[in-house]
Amino acid sequence: MSNVKTRFAPSPTGRMHVGNLRTALYAYLIAKHEGGTFMLRIEDTDQERYVEGAVEIINRTLEKTGLIHDEGPDKDGGCGPYVQSERQKAGIYMEYAKKLIEKGEAYYCFCDKERLESLKQEVAGKEIVVYDKHCLHLPKEEIEAKLAAGVPFVIRQNVPKEGTTKFVDEIYGTIEVPNAELDDMILIKSDGYPTYNFANVVDDHLMGITHVVRGNEYLSSAPKYNRLYEAFGWEVPVYVHCPLITNEEHKKLSKRSGHSSYEDLLEQGFVSEAIVNYVALLGWCPEDNREIFSLQELVEAFDYHHMSKSPAVFDVQKLRWMNGEYLKAMDDEKFYEAALPYLKKAISREFDFRKIAQMVKTRIEVYPDIMEMVDFFEKLPEYDPAMFAHKKSKTTQESCLEVLTELLPKLEAQEDFSNNALFDMLKAYVEEKGCKVNFVMWPLRVAVSGKQMTPAGATEIMEILGKEESLVRIRKAIELLGETCR
């Protein structure tokens with residue numbers, strides 16, 4: 001079944017938020033799973049919300065995430081133009097709206113703002129205009145006279161008040177709505193532009209879209225789409241509505257939650273592949289409950305019948321964990337390149353950044369974690385001598401003072417300050433002293449880092465710090481413990 005064709009049809013209104021990215025991803029996966037076509041269409045009919053540069057953001061995001069379209073504004077597949085404002089200029093929407101007027105399925109409406117205001121009703125706590133079909137019965141001569149005189153108009157869908165409209169969604173099943181609840185929605189606005197709802201139906205049909213993927217906030221509009229398809233005598237596509245995405249408080253994910261867009265997440269130090277992997281699991285679950293997937297593995301595994309109806313929670317901790325797994329598996333050179341700006345932000349001194357990058361690679365979840373983890377290389381933080389007392393290592397402040405005092409001359413005499421050489425020297429000291437390794441390593445780690453949690457052991461840190469800096473720090477620790485233990 002390789003004639004599957006899906007589309008991603010974003011509005012250029014700014015950064016691509018997570019819900020939009022998931023729609024693009026699911027549309028891509030449905031098409032590619034069946035060896036079909038994935039198309040990009042730009043829906044810029046809402047001129048008021050248009051943001052300069054937003055089309056570039058859409059293209060950049062799709063490229064970075066690997067969701068490469070087969071057809072679109074830059075890849076003509078014979079269904080163009082692929083930008084709705086260009087289609088509007090070509091008169092496509094007006095042509096099809098007039099076809100509906102001829103069939104009695106739509107009509108010109110010349111009602112002014114004042115008249116529409118007078119029709120406002122309160123429905124479910126909201127004030128909405130429930131149109132009364134006033135212009136449906138205007139005589140043909142009057143309509144032609146108004147059009148000739150340039151009276152502003154909209155074109156409305158003519159929905160019967162009796163009966164019901166049925167609609168089938170692959171995830172939510174059959175939805176049946178009494179026609180009395182459907183309004184005569186506007187198809188063409190007074191500025192000549194089509195409404196989102198009308199342009200979508202016309203374009204999806206003309207472009208051969210077989211599967212329509214979108215958020216479930218459009219479920220309530222879906223019966224109106226079906227009426228349009230039926231009015232034209234067109235085949236209704238397969239609908240796949242994705243569940244809502246909420247934050248941890250179960251409120252709709254919003255810009256204020258700070259994780260709302262793909263680019264926000266990149267700026268927060270997440271990697272693109274991890275974001276895509278995580279977003280795929282917001283509303284879909286593979287049969288084997290596996291969690292880590294490459295894009296190609298998602299293409300193979302994705303079956304939209306396993307999507308959920310329930311809202312998906314955007315769990316930042318889960319995304320952080322997944323991102324950490326991607327960082328661990330990343331090529332060392334690629335990781336070093338990405339980590340370097342963060343290392344340089346935290347450390348202005350000349351150290352072996354490659355070695356520091358290797359230290360932190362398996363210990364962080366997002367890139368900015370690096371800075372707090374390595375800031376001690378820049379300068380020894382102020383620390384509490386109580387940190388030397390450690391239950392697990394069985395150390396006290398007194399025992400640490402003794403160990404560091406005994407080690408100082410040995411370290412001063414030590415010429416080779418490489419990790420291995422230092423470790424061998426300390427191992428010999430441990431054997432001579434008849435204690436556990438940690439009993440010696442703990443005071444050294446705290447002395448050279450001023451921290452209890454470090455990305456590596458004492459000898460690895462000392463190798464990077466070098467002999468001179470390590471000795472300065474150890475002498476300071478001896479002085480500090482000496483004052484405390486007096």
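Which elements cover the buried residues of helix 10? The legends below begin with that view. The model is predicted: local features require pLDDT of at least 70, side-chain atom pairs count only at pLDDT 80 or more, and totals for chains, interfaces and linings use all residues. Residues are numbered from 1 along each chain as its sequence is written, and side-chain values use heavy atoms, with hydrogens and water left out.

**View 1. Helix 10 and its cover.** The cover of the buried residues of helix 10 includes helix 1, helix 2, helix 9 (262-267), helix 11, strand 13 (312-313) and helix 12 (316-329). Helices (H or I, at least four residues) and strands (E, at least two) are DSSP runs, numbered from the N terminus. Because eight of its nine residues are buried, helix 10 is largely enclosed by the rest of the structure. Buried means under 20% relative accessible area, exposed means over 50%, and partly exposed lies in between (1.4 Å probe, protein chains only). The buried residues are S272, A274, I275, V276, N277, Y278, V279 and A280. Contact, here and in the other views, means heavy atoms within 4.5 Å.

**View 2. The largest nonpolar core.** A nonpolar core is a set of buried Ala, Val, Leu, Ile, Met, Phe, Trp, Tyr and Cys residues joined through side-chain atoms within 4.5 Å. The largest such core holds 151 residues, and those with the most contacts inside it are F198, F314, F335, I370, F377, L411 and I474. Helix 1 (residues 18-33) gives the most to this core, with ten residues. Leaving out residues up to four places away in sequence, L411 touches F417, L422, M425, L444, M462, K467, L471 and I474. In soluble globular proteins, nonpolar side chains tend to be buried together.

View 3. M16 belongs to the loop between strand 1 (5-8) and helix 1. With a relative accessible area of 3%, M16 is buried. Residues up to four places away in sequence aside, M16 touches F8, L21, I57, I58, T61, L62, S260, S261 and Y262. From M16 to G80 the separation is 64 residues in sequence and 23 Å in space, C-alpha to C-alpha.

View 4. Most residues other than glycine have a negative phi, and most peptide bonds are trans. The peptide bond from G80 to P81 is cis, with omega near -5 degrees; P81 sits in the loop between helix 2 (54-65) and helix 3 (84-89). K133, a residue other than glycine, has a positive phi near 60 degrees and is placed in the loop between strand 5 (126-129) and helix 6 (140-148). N289, also not a glycine, has a positive phi of about 60 degrees and occupies the loop between helix 10 (272-280) and helix 11 (295-301). Is each of these two residues buried or exposed? K133 counts as buried because its relative accessibility is 12%, whereas N289, at 55%, counts as exposed.

**View 5. T165 in strand 7.** T165 is part of strand 7 (residues 164-169) and, at 2% relative accessibility, counts as buried. Its side chain makes a polar contact of 2.6 Å with the side chain of N179. A polar contact is a pair of N or O atoms within 3.5 Å; within protein, one must be able to donate a hydrogen and the other to accept it, and residues adjacent in sequence count only if both atoms are side-chain atoms. Not counting residues up to four places away in sequence, T165 touches I175, E176, V177, N179, L182, P223, N226 and R227.

View 6. V201 lies in helix 7 (residues 196-206) and is buried, at 2% relative accessibility. Apart from neighbours within four places in sequence, V201 is in contact with Y225, L228, Y229 and W234. V201 and M330 are separated by 129 residues in sequence and by 43 Å in space, C-alpha to C-alpha. H211 is in strand 10 (residues 211-215) and is buried, with a relative accessible area of 5%. The side chains of H211 and T210 are joined by a polar contact of 2.8 Å.
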